[in-house]
Amino acid sequence: MESGAVYNQTTEPEAKAPRRWPRFGFTLRRLWGWRLPIKVIQTIFSLVAVVCEEIVDDCRSCGGLYLFEFISCSAFLLSLLILCVYCTDLYKSLGEDKVQKLNFLAVPVIGASFLLASIVFSATCSGSAVESVAYVFGFFAALAFAAEFGIELFLRRKQKHLDERPGKPAGIPYLTKLQTDGAFRTRLTLKET
């Protein structure tokens, strides 16, 4: 009896859950209305600017070309990254508020940098057709970034104006987000006026 033959194991080992690969869902529903076309235009204009400046084989003053190369490539990659974040499950993982804040802050910086690089490149280029096309698309891309920032700024101010209307009746319920233990929970509260 001491050999343990009488007592058998009564529990079975836990079955391991099947290993699943993470889902990389793709959706365009977060890029409603004007946002999808402008994001695609920003990416395309940045890509064309990068391709055209890569074709340039001779430069008179290469500093402007190198600056434009760095800014246009960075703008293309960042606009593509932001577009991918909006269209995949990374949007949920990072959080809606963080993604929108990042986009709101990144777009004017990218646009201003692109504008500056395009101005410098147009001033220092040797005048070839490929250089001209590159900096023109740089200006177009900067304009697309500025347009998105302008539209977003207008919509934020409009929303702020609607939220601060003096004619709002007191006691109207509205939704607020509370951050508790890293998770967002929504609750219904009454607004004091």
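Which pattern does the chain follow when read along the sequence? The pattern is α-α-α-α-α-β-β, with 5 helices and 2 strands (DSSP runs, H or I of at least four residues for helices and E of at least two for strands, numbered from the N terminus). This is a predicted model, where local features need pLDDT of at least 70 and side-chain atom pairs count only at pLDDT 80 or more, while totals for chains, interfaces and linings use all residues. Residues are numbered from 1 along each chain as its sequence is written, and side-chain values use heavy atoms, leaving out hydrogens and water.

Now find helix H1 (residues 35–55) and helix H5 (residues 129–163). They pack at an angle of about 160 degrees with axes 8 Å apart (axes are lines fitted to C-alpha atoms over the stretch in contact, and angles run from 0 to 180 degrees between N-to-C directions). H1 and H5 are therefore roughly antiparallel, a label for angles over 145 degrees.

Salt bridges (a side-chain nitrogen of Lys or Arg within 4 Å of a carboxyl oxygen of Asp or Glu) number 3 in the structure. Glu152 and Arg35 meet in one of them, at 2.3 Å from N to O. Glu152 lies in H5 and Arg35 in H1, so the pair ties together parts 117 residues apart in sequence. Both Glu152 and Arg35 are buried (under 20% relative accessible area, with a 1.4 Å probe and protein chains only). Lys39 also forms a salt bridge with Glu148, their closest N and O atoms being 3.1 Å apart. Finally, Arg35, Glu152 and Arg156 are linked in a network of salt bridges.

Notes:
Angles under 35 degrees count as roughly parallel, over 145 as roughly antiparallel, 65 to 115 as roughly perpendicular and the rest as oblique. Buried means under 20% relative accessible area, exposed over 50%, partly exposed in between (1.4 Å probe, protein chains only).
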